[in-house]
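Here is a friendly walk through one model, in questions and answers. Please have a look at the sequence and structure first.

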Amino acid sequence: MRILVTGGTGFIGSETVVELIKNGYEAVIVDNLSNSKEAVVDRIETITGVKPVFYQADCCDYAAFEEVFKKEKIDAVIHFAGLKAVGESVHKPVEYYSNNLISTCNLLKLMKKYGVHNIVFSSSATVYGVPKHVPLYETDPVESATNPYGETKVMIERILEDACKADKELNAALLRYFNPIGAHPSGLLGEDPNGIPNNLMPYITQVAIGKLDHLRVYGDTYPTPDGTGIRDYIHVVDLAKGHVATIKKLLSNPGLVVYNLGTGKGTSVLEMVKAFEEATGVHIPYTIEGIRAGDVAENYANCDKAYKELGWKAELTVLDACRDAYNFQKKNPNGI
Ligand code: NAD
Ligand code: WQD
């Protein structure tokens, strides 16, 4: 069975390609390399012994994207390709809307034209907006997002819902990821952000190797036990396995399905700092700063539905993720 993986050289996509290959699938990657490197393809080969087929193409370029569908017989698609930086999306909204929406519409047109009926979409916990309660359930309302990036996820979920209503043969899984962290245990694949990281874990790992001076903790006056923000951090290897389980589910012809992919457990910023120190033995100095605009106090998932219907649940801990993220950062101090 051949799976098209858009954005397959990125952080989550590359890990998912490894899991697909380990489970006997063939993977075909399409990526424009706007936020990843071609060297990832060789690293996937080093880990799995199989070199996935790779096309450098932009999913917004319909003609270039169609070449892939002409050459490869595709059974299902996992659609990771997209721009994902929340802050950047506020400054470049048009780039975010056009990249994320046009790529998805092109993909859906090509799937229809070439008779491909299964798609897994990388959605996000951001579609729940500011949580009114935790944990979050798939049945909670999808809110208007607070930034253009999040709004693209809300819109694409809607597009996929409508596409499934109109085409009874189409199966779509909306996977709402919580906070993916960690890296492949080999240290060959991991998160490779440009410039100063926005997200907590890559910031901590860069402090750990001395690239950044200290962590800035955004706020310690939230209504949480230690006052710092709580999130549901999921190891990227667990997340990747969730995609393989979802592909199997789609083959049972379920139409539209929605799953939270998280751990069901919240970790505060200061708990994460402690966990990192415990897992690596490296001290992380920090200062307490004001809260970051747009942040919420607490956000974590209920993941019972994924366990019940996919047989999937997160197995790795935050300690595992800290160890693997640090290993990756040490081996790749300047990224891949
Ligand atoms: P990433 O940036 O590492 O991977 C995305 C990949 O898509 C990159 O390799 C990039 O080059 C490629 N890409 C972007 N636009 C493209 C286009 N038009 N055509 C072809 N390739 C294109 O990001 P990631 O963390 O692996 O995220 C993957 C997906 O998961 C994204 O859709 C993201 O929004 C979603 N997601 C990520 C997180 C997270 O915290 N990392 C959380 C929730 C959802
Ligand atoms: C986690 C916690 C920060 C950095 C973002 C997107 C979300 C999703 C995942 C795509 C918060 C604190 C962080 C730092 C800190 N992506 N923090 N110092 O904001 O939960 O989610 O990534 O869909 O849409 O918004 O993740 O890792 O940025 O922050 O104190 O230098 O760490 O305030 O409490 P976030 P994050």
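**Ligands, helices and backbone**

Q: What should I know about the model and its numbering before going on?
A: The model is predicted, with pLDDT of at least 70 needed for local features and 80 or more for side-chain atom pairs, while totals for chains, interfaces and linings use all residues. Side-chain values use heavy atoms, without hydrogens and water, residues are numbered from 1 along each chain as its sequence is written, and chains are lettered from A and ligands numbered from 1 in the order in which they are written.

Q: Which strand gives the most to the shell around ligand 2?
A: The shell has 19 residues, where a residue counts if one of its heavy atoms lies within 4 Å. Helix α7 (200-208) and strand β8 (215-218) each supply at least two of the shell residues; helices (H or I, at least four residues) and strands (E, at least two) are DSSP runs, numbered from the N terminus. With four residues, the top contributor is β8.

Q: How much of ligand 2 does the protein bury?
A: Side chains make polar contacts with oxygen atoms of ligand 2: Y149 at 2.6 Å and R292 at 2.8 Å. Taken alone, ligand 2 exposes 690 Å² (Shrake-Rupley method, 1.4 Å probe; for residues, only the protein chains shown count as cover). The buried part of that is 86%.

Q: What is the distance from the side chain of N35 to an oxygen atom of ligand 1?
A: Among the closest of the 27 residues surrounding ligand 1 are D31 and N35. Nitrogen atoms of ligand 1 are found 3.1 Å from a polar backbone atom of N32 and 2.8 Å from an N or O atom in the side chain of N99. For the polar side-chain atom of N35 and the ligand oxygen, the distance is 2.7 Å.

Q: How many charged residues does the shell around ligand 1 have?
A: Ala, Val, Leu, Ile, Met, Phe, Trp, Tyr, Cys and Pro count as nonpolar, Asp, Glu, Lys and Arg as charged, and the others, Gly among them, as polar. The shell has eleven nonpolar and twelve polar residues, and the charged ones number four.

Q: At what angle do helices α9 and α11 pack?
A: Two packed helices are described by the angle between their axes and the distance between the axes. Axes are lines fitted to C-alpha atoms, for helices over the stretch in contact, and angles run from 0 to 180 degrees between N-to-C directions. For α9 (residues 269-280) and α11 (residues 318-331) the axes are 8 Å apart, and the angle is about 65°.

Terms used: Polar contact = N/O pair within 3.5 Å; in protein donor to acceptor, adjacent residues only side chain to side chain.
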